[in-house]
Amino acid sequence: MGGARHRAGPALKKVALLGGSFNPAHGGHRRISLFARRALGLDEVWWLVSPGNPLKPKAGMAPLAARLASALEQARGVPIVPTQIERELGTRYTVDTLRALKRRYPRNRFVWLMGSDNLAQFHQWKDWRRLARAMPIAVIARPGYDASARASPAGAWLGRYRRSAASLKHRAGWSAPALIQLRFDPDPRSATAIRRADPEWARRFAGKRLRDPLTHHPVDPDIA
């Protein structure tokens, strides 16, 4: 038979994006991510290990390489992909990162994942409405923050676009803006408590040779 063979493109992936400093990554990040993956019917969760959060102080921030190494340790054996791709993209703000990721991975469907503590101050993020229009947002409830999240400017605006987790099972459910609220048993672990108990935690990862599992590029162990 002389017909040309058709080559299928790469399979579409459904991916949650969880951004943060991961200073350090811990079991609470892992638990939240795996819960969201199951609840939303996703293939993977990508941890965007931030070079620097404009809303967080730089004091006490471990080097990016150490934070990525802690994330890789927590992601072993599960469909979580830690990455320092924001540094490669050169983006400082989340809205720019998401736009760049959608360009680089056009076949993926992305959902932004964050806690209700972040939703409470989401209106302080650069171009937050444009970010909300870029992809669905799934918010995980956190005790003590839910009321302030609902009452915040972003919470009130996004509240008009509530949708169920099951909506992502259908193509139309990936339109945005969309707010998906997720609830599960709270996890008491925190990076702050880990740093308080072990201020030198990053030394354990000093000088490690790493490769970014998303871009497959080597990671400079000395990057700040």
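**A guided look at helices, strands and a pocket**

Visitor: How many of the 11 residues of helix H2 (residues 64-74) are buried?
Guide: Helix H2 is largely enclosed by the rest of the structure, because most of its positions count as buried (under 20% relative accessible area, with exposed over 50% and partly exposed in between; 1.4 Å probe, protein chains only). Helices (H or I, at least four residues) and strands (E, at least two) are DSSP runs, numbered from the N terminus. The number of buried residues in H2 is nine.

Visitor: What kind of model is this?
Guide: Residues are numbered from 1 along each chain as its sequence is written, and side-chain values use heavy atoms, leaving out hydrogens and water. Local features need pLDDT of at least 70 and side-chain atom pairs count only at pLDDT 80 or more, while totals for chains, interfaces and linings use all residues, since this is a model that is predicted.

Visitor: Which residue in S2 stands opposite Leu-18?
Guide: Five of the seven residues of strand S1 (residues 14-20) are buried, so S1 is largely enclosed. S1 pairs with S4 (residues 109-115) over five parallel bridges, and six bridges join S1 to S2. On the S4 side, Lys-14 stands opposite Arg-109. On the S2 side, Leu-18 stands opposite Trp-47.

Visitor: In S7, what is the bridge partner of Arg-163?
Guide: S6 and S7 run parallel, with two bridges between them. At one of these places, Arg-162 stands opposite Leu-179. Leu-179 is also the bridge partner of Ile-137, and S5 is joined to S7 by four bridges. For Arg-163, the partner in S7 is Ile-180.

Visitor: Which residues does Asn-108 touch?
Guide: Asn-108 sits in the loop between helix H4 (94-104) and S4. With 15% relative accessibility, Asn-108 counts as buried. Not counting residues up to four places away in sequence, its contacts (heavy atoms within 4.5 Å) are Lys-13, Val-15 and Trp-46.

Visitor: How many charged residues are in the lining of the second largest pocket?
Guide: Helix H5 (116-120), strand S5 (137-140), helix H7 (146-151) and strand S7 (179-182) each supply at least two lining residues. By class, the lining has seven nonpolar and three polar residues. The number of charged residues (Asp, Glu, Lys and Arg) is four.

Conventions: Two strands pair if DSSP finds at least two bridges between them.
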